[in-house]
Amino acid sequence: MDRLRFYLNDRLVEESGLSPTLTVLRYLRERAHLTGTKEGCAEGDCGACTVAVLEEDGKGGQALRAINSCLLLLPMVQGKRVYTVEALKEGGRYHVVQETLARELGSQCGYCTPGVAMALLEACHRKDLDEPWKLDAQMCGNLCRCTGYRPIRDAAARVAGLGPQDRFARALAETKPEPMELAYSAGPQRFFTPATLEALWEVLDAHPEARFVVGGTDLSLEVTKRFAEPPLLVSLEALRELRALEPRAGGHRVGATVWLTELEDYSRSACPPLERMIRYFGARQIKNRATVGGNLCTASPIGDLAPVLIALGAEAVVLSRGGERRMPLEDFFVDYRRTALKRGEILAFLDVPAQPSGARTIAYKVSKRRELDISSVSAGFRVVVDAAGKVAEARLAYGGMSARPARARRTEEGLVGQPWTEASVEAVLARLEEDFTPRTDHRGSAWYRAQVAKNLLRGFFQETLSEPSPRLQERHTATVQVR
Amino acid sequence: MVAIPSEIPSQPEARSPLHAPGLHESGLKHTSGEALYVDDLPAPPGLLVGHVIASPHAHARLVRRDARRALSLPGVHAVLFAQDIPGANDVSPVRGVHDEPLLATDEVHCIGQAVAFVVAESAALCRQAAALVELEYEVLPACLTIGEAIEKSLFIPHPFYPNPHVIRRGEPEAALIAAPVRIQGECMTGAQDHFYLETQVSQAVLEEDGAVRLWSSTQHPSEVQEKVAEVLGLGRHQVTVEVPRMGGGFGGKETQAAPFAALAALAAYATRRPVKVWLNRDQDMEQTGKRHPFWARYDAGFSEDGRLLALKADLVSDGGWSNDLSHAILDRALFHMDNTYFLPHVEVRGRVARTNQPSNTAFRGFGGPQGMYVVEEVINRAAERLALDPAEVRRRNYYREAPENQTHYGQAVEGNRIPRIHAELMTSSEYARRRAEIDQFNASSQWTKRGIAYQPVKFGISFTTSFLNQAGAFVVIYADGTVQLNHGGTEMGQGLHTKMRTVCAHELGVPVEHVRVMTTATDKVPNTSATAASSGSDLNGMAVKAACEVLRERMRPVAAKLLQVEGEPERVVFSAGKAFVPGLAQRTLSFEEVTRAAYAAQVSLSATGYYRTPDIGYDRMTGRGKPFHYYAFGGAVVEVEVSGLTGEHRVRRVDILHDVGSSLVPTIDKGQVEGGFIQGVGWLTCEEVLIDAKGRLLTHSPDTYKIPALGDAPEDFRVALLERAPQEDTIHGSKAVGEPPLMLAIGAVTALRHAIGAFGPPRTEVQLASPATPEAILRAVETARAPKR
């Protein structure tokens with residue numbers, strides 16, 4: 001069996017005997033005595049535990065990425081370089097992000113500050129933070145209860161893209177990738193990270209009960225919140241095949257283990273409706289770990305990617321030792337948190353087809369708080385309007401309205417063949433009540449969900465009058481952008 | 001000492017750091033992870049971990065407890081129940097009240113109440129052991145809401161005075177009948193979790209003499225000391241409490257740090273080992289109290305031109321299961337029912353409901369925001385009905401010249417800066433022009449509407465329990481001229497240490513870098529009050545000044561002799577690390593030369609300082625008095641945009657002009673204003689505490705409880721401090737700043753109402769619940785749109 005092996009603040013660390021579900025945060029504070037990194041929530045919702053991880057960027061290079069260490073299990077950093085807030089100061093000199101934060105009075109109580117500093121570190125090594133809203137997106141994963149954020153925003157604006165010649169720049173330039181592959185056990189727990197599909201099938205033959213994990217942003221909550229100790233996890237993170245992200249047949253192939261930050265960048269020009277959903281999918285730290293496949297395989301009724309991918313007509317591509325099978329994504333979700341995957345199968349790709357001409361497409365996410373929140377209602381809409389101005393096809397997919405992400409079939413039927421007008425939209429809205437009986441919970445009442453479901457369709461019509469797939473404005477008031 | 005490259009201009013040598021921009025004393029330590037919090041302290045050998053077993057029922061009788069199976073697990077050192085407490089099983093914060101047992105005896109009164117305390121070698125082992133502790137309950141009927149409590153007449157009596165607390169002036173009943181316009185209704189404000197980023201934590205270590213030393217994240221180390229001493233049956237001289245710093249407090253660590261500290265101390269006594277108790281986020285949110293929800297019924301009379309003629313209001317707060325500070329919080333709510341407005345005829349009454357919820361507690365504003373919200377709702381409704389600009393209605397009701405400067409409790413509003421703030425802010429924010437533009441925008445926009453509002457705030461400064469207004473300091477100068485500063489206040493991020501260091505450096509005439517602020521400790525400065533009520537700088541600053549003055553006067557003769565002006569010590573000036581006689585510039589001494597000479601001349605270089613606020617007091621029986629040393633003032637103009645499709649909104653721009661007197665450190669005060677405002681916006685918009693039918697908290701982590709995130713801060717945020725506004729009888733003319741700005745956020749509600757009203761016909765009276773979540777706003781929009789029946 002292998003040992004855990006990674007670099008912590010540039011020093012090689014090798015460990016054995018530690019639980020494979022020990023989080024990096026707990027390891028830092030309790031084993032490495034690096035207490036700068038704080039626990040604020042242990043669920044990726046506050047950012048106080050943010051560290052920087054230097055790892056392969058999926059394009060053959062290395063990237064320095066801000067990540068919540070509270071959701072990061074130790075085997076997930078195998079072969080990678082982990083940096084904590086203690087690594088910022090070099091030779092007794094404070095790093096530019098530290099000086100800037102202090103100068104702007106970006107800390108008051110200071111408990112969120114190490115995490116803020118590490119998110120700023122990623123910001124100062126990013127090259128693409130060229131607009132104010134991107135700074136908000138970079139920093140929204142760090143809750144601060146004291147400052148009201150103005151000084152943190154100002155600090156981010158000052159350091160973004162600076163590209164200092166620091167130890168991180170040197171590491172980015174010099175680091176050679178090391179294998180993530182791992183077969184680890186400690187006590188009754190095991191963790192496998194196979195590097196090839198063949199190796200994966202072998203693990204699955206031996207352990208058909210294995211659970212899959214990639215980013216861990218959902219699964220790790222079982223460890224940090226319910227104190228579970230999953231006996232056997234298989235990480236798909238090292239399987240290069242599943243990292244595909246490319247145009248294909250006029251559409252796109254999206255690998256299941258593509259990080260959401262990668263997909264967000266890719267879709268900005270390639271597939272605007274996807275980008276519109278991913279912007280508020282979660283915080284930067286979460287999107288740096290969360291994957292497309294992970295979001296779909298939890299089969300949560302409020303998983304944000306499902307409605308938009310269903311609207312786009314995506315197909316799920318499922319692999320097993322026996323080969324490949326495909327299905328429309330809406331058929332992938334069979335019930336509350338249940339997918340169509342059988343034992344020995346993995347979700348490998350999403351194939352998004354070429355979009356028909358005359359298509360109008362938008363994705364919406366409505367939540368109590370715009371950033372870093374879970375949907376009350378989400379939606380992906382595509383309506384294809386023919387040359388005569390009539391609706392040729394309607395795909396209206398909703399999240400948060402039923403036990404699984406689902407299409408509003410009755411409403412769709414009511415639209416097809418009708419002229420694409422405000423009156424037609426108003427005429428079918430009542431059908432949404434036949435399609436869905438939403439529930440009341442702490443994210444919203446049944447009344448709110450039903451009302452918003454209708455209003456999103458109203459807004460969709462208004463928004464697509466001038467543009468078939470409008471992008472989000474920089475900073476905006478609401479999910480739906482209509483005057 | 002670290003030089004920080006800064007855009008903030010460094011001060012010329014000869015000037016003091018006082019009233020000048022400065023950095024946070026711990027800023028760089030925060031950014032590097034070097035700042036130590038209680039949970040970061042190196043573990044003492046043999047450290048054990050404590051874990052609270054909390055009641056799973058809102059109300060139940062505890063019929064059986066058995067820890068034998070848990071105790072048989074290797075590594076489990078103790079499972080403590082009420083009967084294991086050697087002293088008093090009581091952690092009630094108010095003298096003379098004994099309604100809060102540390103560990104439940106035979107009845108539990110809320111979910112989250114501590115029933116037992118497991119002590120083991122790791123948190124995992126604690127959880128394992130806790131599952132093996134057998135506890136049997138007989139479930140009793142529970143009262144979960146204010147409404148239920150009113151129905152069942154369940155109130156927490158005031159320990160010393162009759163209920164309800166009534167403040168009355170004039171003849172409100174007659175004035176209401178005569179009033180041309182009546183506004184009647186009810187409103188609620190919700191709970192708010194403190195959501196300090198650092199959860200509750202304490203560590204206890206035994207010392208010689210049967211003594212115990214604690215490191216606690218608390219705003220009130222003296223009360224932790226007192227409660228630990230009582231629980232263990234010790235003298236307070238055997239208990240030492242240190243506070244390195246807090247990762248946020250906001251009132252949540254004023255009284256509610258003490259139980260966890262007492263449990264740690266109790267466990268250390270029982271096991272003879274060091275013990276730490278640290279709550280994870282879910283435990284913290286489930287086991288501690290929140291901002292008091294308030295229900296109010298009001299009846300107000302206005303003239304046709306919007307003058308408030310009479311107000312009657314009944315307030316009931318949700319105290320939770322025990323007293324805690326609920327009555328003092330209720331008092332402050334009643335004191336702030338006027339906000340900045342003269343109420344000619346008024347009666348306000350208040351009671352505290354007893355519910356089976358965790359005991360609600362102090363939270364920035366301490367009832368003030370809840371009281372103020374009521375009068376602001378009344379004024380908003382009046383303005384909507386009368387089709388007047390709500391800012392103008394507010395202006396017409398401001399306190400005026402005597403006798404119309406008397407509050408309902410009889411204190412004169414002296415130095416009223418509200419008219420000045422109003423005038424300056426209206427101009428600088430271009431309120432009138434923007435309001436006109438917004439009306440135009442709204443006329444042309446179907447689905448999105450904007451709103452703008454002006455919000456004034458007046459907030460009384462002092463603990464309303466008058467004897468608490470005292471503070472101490474202990475300043476130590478070493479022979480090399482460096483200084484250690486101890487004061488009774490605690491640092492929770494608000495910048496108190498930064499301000500105290502500035503005052504100390506100013507008084508002694510040394511650079512701030514030569515002054516080190518020590519961790520707050522009960523063996524350095526005894527018998528302190530909580531760092532609360534915005535009073536930290538006011539009280540401790542005066543005490544620091546007093547101590548420094550003693551030391552300076554002792555050093556003067558020494559310096560005078562060295563400067564060859566012996567016998568004329570008053571001519572010596574201490575400034576910027578030097579001592580000199582103005583006009584005799586050829587000879588200057590370094591501060592170090594003076595301190596070395598003082599030491600050699602056998603002069604004591606340590607001194608204490610003490611301060612108490614003069615001339616305040618309040619008679620609750622008559623509802624009259626002067627509870628406050630002075631008032632702090634502020635104003636905000638808030639602009640919002642609302643979606644009529646989803647109920648989402650965005651704060652587009654905020655202009656604040658706030659009165660902090662002559663700011664001790666303006667950069668620190670600006671941070672308090674900005675942060676307080678956003679925290680208030682959170683309370684009033686996105687932060688929603690929800691329970692289920694059994695009283696279980698549904699929002700016990702940031703997954704479901706949403707404090708403002710970065711994108712919720714206004715993109716255009718302009719904060720200014722009122723200039724040329726020194727305050728009399730305060731530390732260097734400054735004013736308190738911690739709490740008042742939070743209430744400026746009520747302006748966001750008024751702005752939302754403006755936008756929501758624009759979805760309806762003219763004179764729409766908006767029905768907006770608090771907090772104004774997207775759902776609450778969408779409901780209000782739908783109601784505004786619905787044709788009147």
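Axes are lines fitted to C-alpha atoms, for helices over the stretch in contact, and angles run from 0 to 180 degrees between N-to-C directions. The model is predicted: local features need pLDDT of at least 70, side-chain atom pairs count only at pLDDT 80 or more, and totals for chains, interfaces and linings use all residues. Residues are numbered from 1 along each chain as its sequence is written, while chains are lettered from A and ligands numbered from 1 in the order in which they are written.

**View 1. Helices α9 and α10 of chain A cross at roughly 140°.** Helices (H or I, at least four residues) and strands (E, at least two) are DSSP runs, numbered from the N terminus. Here α9(A) spans residues 260-270 and α10(A) spans 272-279. Their axes come within 8 Å. The two helices are therefore oblique to each other (under 35 degrees is roughly parallel, over 145 roughly antiparallel, 65 to 115 roughly perpendicular, the rest oblique). Residues are in contact if their C-beta atoms, placed from the backbone, lie within 7 Å. On α9(A), the residues that meet α10(A) include A:Leu260 and A:Leu263. Among their partners on α10(A) are A:Pro272 and A:Ile278.

**View 2. Helices α3 and α5 of chain A pack at about 30°.** α3(A) covers residues 113-125 and α5(A) covers 150-159. Their axes are 9 Å apart. That angle makes α3(A) roughly parallel to α5(A). A:Val116, A:Leu120, A:Ala123 and A:Cys124 of α3(A) meet A:Ile152, A:Ala155, A:Ala156 and A:Val159 of α5(A). This contact has eight nonpolar, no polar and no charged residues (Ala, Val, Leu, Ile, Met, Phe, Trp, Tyr, Cys and Pro count as nonpolar; Asp, Glu, Lys and Arg as charged; the others, Gly among them, as polar).

**View 3. The largest nonpolar core has 349 residues.** A nonpolar core is a set of buried Ala, Val, Leu, Ile, Met, Phe, Trp, Tyr and Cys residues joined through C-beta atoms within 7 Å. Buried means 20 or more other C-beta atoms within 10 Å of the residue's own, with C-beta atoms placed from the backbone. Residues with the most contacts inside this core include A:Leu120 and B:Val118. Helix α7 of chain B (residues 258-271) gives the largest share, eleven residues. A second, separate core of 44 residues includes B:Leu508 and B:Ile668.

**View 4. Chain B meets chain A.** The contact takes 68 residues from chain B and 66 from chain A. α17(B) gives the most to chain B's side, with six residues. That side divides into 26 nonpolar, 28 polar and 14 charged residues.

Definitions and conventions
Two residues are in contact if their C-beta atoms, placed from the backbone, lie within 7 Å. A residue is buried if 20 or more other C-beta atoms lie within 10 Å of its own, exposed if 12 or fewer, and partly exposed in between; C-beta atoms are placed from the backbone.
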